[in-house]
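Reader: I have a structure to look at and would like to learn how to read it. Could you take me through some features, one at a time?

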Amino acid sequence: MILHNSFNTNEKGHLTIGGLDAVCLSREFGTPAYYLDCNAVRAMCRMYKSNFLKYFGEKSLPVYAGKALCFKGLYSIIAEEGLAADCVSSGELHTANAAGFPMDRVFFHGNNKTDADLAYAIRLGVGLIVVDGLDELAALDRIAGEAGIRQNILLRITPGIDPHTHQKIVTGNVDSKFGSAIMTGQAFDIVKAALACKNINLKGFHCHVGSQIFDIEPFSEAAEIMLAFIAKIKGETGYSAEILNIGGGFGVRYTEEDPEIDYENNIRMLGERFDSICREYGMEKPSISMEPGRSIVAAAGATLYTVGSVKEVTGFRNYVSVDGGMPDNPRYTLYQSKYTVVNAEKADAAADYECTLAGRCCESGDLLAEGIKIAKPQRGTILGVLVTGAYNYSMASNYNRIPRPPVIMIEDGKARVGVRRETFDDIIHLDI
């Protein structure tokens with residue numbers, strides 16, 4: 001095993017993904033290409049679902065965060081495994097609906113939903129719209145009234161927590177574009193406004209503190225703040241929240257330096273904390289939801305590239321350039337995110353060649369990793385970048401007019417195309 005169960009080496013010394021030879025896969029599907037071990041995705045879905053039932057209660061439900069990875073084939077898996085889905089745009093709603101995902105199991109998020117977004121969600125029959133602020137609440141009340149329905153909603157509340165992750169993926173601070181803050185009194189104001197709406201049915205509350213979190217402390221702190229808020233609302237208005245969605249954010253190991261995470265134990269400890277706080281306030285525990293995304297798909301994914309050049313700058317560093325880069329994985333450029341890189345043809349050899357992994361774009365910042373060590377490659381070598389299942393395909397672009405790679409789904413020893421490779425004609429398809 002290399003870092004996660006999805007990755008190993010075979011008798012040829014080649015990297016394997018989901019049990020299949022990465023070098024053979026690259027010959028069949030070309031490079032660059034994303035790969036997804038669907039059995040690993042299903043295993044994580046089942047882990048979350050069974051442990052939510054065990055530690056959070058019968059009505060609790062994991063909600064897959066589609067922003068991590070979104071395409072029709074994946075939504076089919078999420079639906080089959082019985083999870084709900086978190087969508088953050090009309091495009092994600094459309095993808096889930098096109099895949100046949102049950103729209104009554106969808107939570108629709110976003111800090112700036114347009115009137116068209118809200119109308120589309122209502123037309124599709126979205127189960128819960130997570131309202132982000134007073135402007136959206138008023139617009140949704142009007143649009144739902146025009147449609148002749150009462151729309152179920154959650155209110156997004158900002159608990160005021162810094163989980164000490166990268167600042168660009170922190171979402172729970174008071175000074176945030178998301179939600180209504182408890183500290184400022186605005187959260188209480190939006191609750192009163194929602195309860196007064198004629199075409200809105202307030203089902204409960206949502207919060208989210210950030211991403212890539214390795215322990216339960218930020219979630220535990222959010223639980224304390226949110227349940228205290230729910231108790232206060234009950235005491236002052238008589239309203240009892242049915243649902244508390246605590247958001248997502250459990251981390252994933254991208255390198256050997258990252259800590260291992262015992263997800264089941266984290267869920268158990270968090271469930272015990274919910275029970276303890278509810279007893280303290282003498283309140284019935286609401287239905288608990290969380291929104292795992294990265295932790296379901298990241299470790300199931302890998303990207304394969306072909307080396308184009310190996311350039312050794314005497315006295316400085318070695319550059320290994322591949323046929324992909326920031327268009328298919330912008331996370332290093334955005335967050336300096338670290339990855340595990342493997343020479344897929346010599347996965348069992350000593351990793352003793354220090355280099356910078358560079359992309360093909362006309363951009364000096366187009367890097368995938370710096371200061372890594374791999375078995376020395378040459379032109380034509382296949383490299384694997386591991387743990388790319390989350391926020392790679394979903395954040396991909398056509399910068400430099402480079403076609404986006406395909407997504408190859410591996411399941412039960414077979415590989416198939418989940419998203420086909422873009423062509424040059426695809427890129428100019430909308431040009432007039």
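**Reading the model**

Author: Take one residue to begin with. Beyond its neighbours within four places in sequence, Ser289 is in contact with Leu61, Val63, Phe107, Ile243, Leu244, Asn245, Ile246 and Gly247. Keep in mind throughout that this is a predicted model.

Reader: Where is Ser289 placed?

Author: Ser289 lies in strand S13, which covers residues 287-290.

Reader: Is Ser289 buried or exposed?

Author: The idea is to look at relative accessible area, where a value under 20% counts as buried. Ser289 has a relative accessible area of 4%, so it is buried.

Reader: What share of the contacts joins residues at least 24 apart in sequence?

Author: Counting contacts between residues at least 6 apart in sequence, 69% join residues at least 24 apart.

Reader: Where is Gly418, and which residues does Gly418 touch?

Author: Gly418 is in strand S21, residues 414-419. Leaving out residues up to four places away in sequence, Gly418 touches Phe71, Val407, Ile408 and Met409. Its relative accessible area is 31%, so Gly418 is partly exposed.

Reader: Which other glycine could I look at in the same way?

Author: Gly18 is partly exposed, with a relative accessible area of 24%. Not counting residues up to four places away in sequence, Gly18 touches Ser6, Asp37 and Ile410. Gly18 and Ala43 are 25 residues apart in sequence, and their C-alpha atoms are 13 Å apart in space.

Reader: Now the helices. At what angle do helix H7 and helix H8 pack?

Author: The idea is to compare the directions of two axes and the distance between them. Helix H7 (residues 186-196) and helix H8 (residues 217-237) pack at an angle of about 50°, and their axes are 12 Å apart. That angle is why H7 is oblique to H8. The crossing of H7 past H8 is right-handed.

Reader: Which residues make the contact of H7 with H8?

Author: From H7 come Ala187, Phe188, Val191 and Leu195, and from H8 come Phe229, Ile233, Glu236 and Thr237. By class, this contact of H7 with H8 has 6 nonpolar, 1 polar and 1 charged residues.

Reader: How do the axes of H8 and helix H9 cross?

Author: The axes of H8 and helix H9 (residues 263-281) cross at roughly 30° and come within 10 Å. H8 and H9 are therefore roughly parallel to each other, since angles under 35 degrees count that way. H8 passes H9 in a right-handed crossing.

Reader: Which residues of H8 and H9 meet?

Author: Phe219, Ser220, Ala223, Glu224, Leu227, Ala228 and Ala231 in H8 meet Leu270, Arg273, Phe274, Ile277, Cys278 and Tyr281 in H9. The contact of H8 with H9 has 10 nonpolar, 1 polar and 2 charged residues by class.

Reader: What should I look for in the backbone?

Author: Most residues other than glycine have a negative phi, and most peptide bonds are trans. Exceptions can be picked out against that background. The peptide bond from Thr31 to Pro32 is cis, with omega near -10°. Pro32 is in the loop between helix H1 (22-29) and strand S4 (33-37).

Reader: Where are Leu3 and Val387, and what is phi for Leu3 and for Val387?

Author: Leu3 is in the segment before strand S1 (7-9), and its phi is positive, near 75°. Val387 is in the loop between strand S19 (382-386) and strand S20 (407-411), with a positive phi of about 65°. Leu3 is buried at a relative accessible area of 6%, and Val387 is buried at 0%.

Notes:
Residues are numbered from 1 along each chain as its sequence is written. This is a predicted model: local features need pLDDT of at least 70, side-chain atom pairs count only at pLDDT 80 or more; totals for chains, interfaces and linings use all residues. Side-chain values use heavy atoms; hydrogens and water are left out. Helices (H or I, at least four residues) and strands (E, at least two) are DSSP runs, numbered from the N terminus. Buried means under 20% relative accessible area, exposed over 50%, partly exposed in between (1.4 Å probe, protein chains only). Contact means heavy atoms within 4.5 Å. Axes are lines fitted to C-alpha atoms, for helices over the stretch in contact, and angles run from 0 to 180 degrees between N-to-C directions. Angles under 35 degrees count as roughly parallel, over 145 as roughly antiparallel, 65 to 115 as roughly perpendicular and the rest as oblique. A crossing is left-handed if the near helix is turned anticlockwise from the far one by less than a right angle, and right-handed if clockwise. Ala, Val, Leu, Ile, Met, Phe, Trp, Tyr, Cys and Pro count as nonpolar, Asp, Glu, Lys and Arg as charged, and the others, Gly among them, as polar.
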